[in-house]
Amino acid sequence: MNRLFYVLCVVISSIGHIVDGLAILNEDFELERQLNVINKSPIKSIYTKSGSIVDCVEINKQPAFDHPLLWNHTLQRKPSFKTSVKISAGKSSFPLEKVECPKETVPIQRTTKDSLIQSKSLFNAHILDQNKFRSFGAYAYHSDAIHYGVSGTTNVYNPKVSNGQSSESSLYVSNGIGDGTNVIAVGWHVYPQLYKDDKTHLFSLWTSDNFKSGCFNAYCGFVQTDRSYFLGSSIENTSSYGNPHVVQFSTSIYQDEKTQNWWLSVENKAIGYFPAHLFSNLNKATEVGWGGLVQSHPGVSASDPPMGSGHLPDGHVLHSAYFSHIQFINDRREDVGPVYGAVRTSSKAPEKCYGVKYYGYKGKELGCILLFGGPGGACGN
């Protein structure tokens with residue numbers, strides 16, 4: 001009996017290892033399949049100064065069109081409207097990484113297996129899973145109205161973020177509640193786990209079901225149309241506390257009235273769009289907002305990272321992160337600045353960690369402006 005029991009245990013154990021092995025192989029095979037879908041055969045490959053590889057892919061064969069909801073999608077090459085987001089006066093620069101892809105191709109940052117795994121796990125945990133990530137936001141928002149777009153100019157920093165942490169500045173459009181929450185956001189962030197570096201990157205994300213699906217950058221759904229700027233690109237130079245030479249950029253998310261697609265622009269240049277078919281209820285936005293968000297993995301980091309410049313807002317535009325010239329498109333399709341009393345702010349972190357202040361209209365140079373940020377630290381205690 002003992003010998004028979006031993007043989008049965010060995011057989012069962014072997015079967016278990018085979019089953020586990022097959023599961024690992026199947027998972028690995030699926031990742032390889034997804035990589036082949038994302039990484040198209042390029043017309044040209046570009047090695048950037050930051051160390052990433054960008055593939056110039058035929059515009060009609062880019063990864064977005066492999067999304068099941070976009071199999072029959074008709075490419076929109078440019079928006080049917082013109083954007084003109086104001087830029088703050090004074091010295092400024094925006095050294096965003098650029099490439100030059102041939103005509104009829106678009107730049108797509110090459111994806112590795114590790115970056116694909118990280119993107120999936122990090123996105124699914126974004127904001128939602130408080131057991132895995134601790135999140136704090138400091139932002140201003142305009143809600144309870146119909147919006148067809150949002151815009152603003154933000155200064156760019158490089159907050160010191162460790163592994164297990166992220167820090168961002170972004171604007172967004174949103175509609176729905178619970179699992180029906182639809183969101184598009186765009187801005188800059190520092191995210192070592194996602195990019196394997198501590199640089200500041202241009203980013204965007206979308207979801208149609210409260211972050212259960214969707215993705216960062218061009219991993220799924222986003223249709224790239226510009227040949228030079230691309231999502232995920234690094235921003236080499238950034239602003240510093242008190243320095244009048246500000247690094248900033250304007251950005252916007254606008255719905256095209258004719259196609260209902262949501263266009264993303266950087267420095268008044270439309271770089272691509274999120275097709276209307278991706279969303280369950282984003283034919284309009286009931287809320288738009290501007291500000292910052294930080295995240296920490298409790299198992300990796302006991303503290304919370306800096307937001308923006310790492311300094312709390314004190315009324316001085318050279319001391320903290322900001323969004324100036326904030327505007328939204330109202331129900332009459334007019335681009336307007338929000339009335340002071342109609343904008344609310346939210347920051348659930350201790351006052352010593354992060355803060356946000358909306359100042360309303362401050363003249364032509366700044367327009368409607370809010371300041372936000374803070375040093376972080378032991379904010380969850």
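Mentor: Gladly! Let's begin with a definition: buried means under 20% relative accessible area, exposed over 50%, and partly exposed in between, with a 1.4 Å probe and protein chains only. Please keep in mind that this is a predicted model, where local features need pLDDT of at least 70, side-chain atom pairs count only at pLDDT 80 or more, and totals for chains, interfaces and linings use all residues. Residues are numbered from 1 along each chain as its sequence is written, and side-chain values use heavy atoms, with hydrogens and water left out.

Trainee: Why is Cys368 called buried?

Mentor: Cys368 has 9% relative accessibility, so it counts as buried.

Trainee: What makes Cys215 and Cys220 a disulfide?

Mentor: A disulfide is a pair of cysteine sulfur atoms within 2.5 Å. From Cys215 to Cys220 the S to S distance is 2.3 Å, so the pair qualifies. The torsion about their S-S bond is about -125°, so this disulfide is left-handed. Cys215 is also buried, because its relative accessible area is 5%.

Trainee: How many disulfides does the whole structure have?

Mentor: A search finds 3. With the bonded cysteines numbered in sequence order, they pair 1-2, 3-4, 5-6.

Trainee: How do you know that Cys353 and Cys379 form a disulfide?

Mentor: Their sulfur atoms are 2.2 Å apart, so they meet the cut-off. Cys353 sits in the loop between β19 (344–347) and β20 (355–361), and Cys379 in the segment after β21 (368–373), so the bond ties together parts that are 26 residues apart in sequence. Strands such as these are DSSP runs (E, at least two residues), numbered from the N terminus. Cys353 counts as buried because its relative accessibility is 0%, and Cys379 is buried with a relative accessible area of 4%.

Trainee: Why is β1 called an edge strand?

Mentor: In the open sheet, the order is β1-β2-β4. The edge strands β1 (44–47) and β4 (105–109) each pair on one side only.

Technical notes. Two strands pair if DSSP finds at least two bridges between them. Helices (H or I, at least four residues) and strands (E, at least two) are DSSP runs, numbered from the N terminus.
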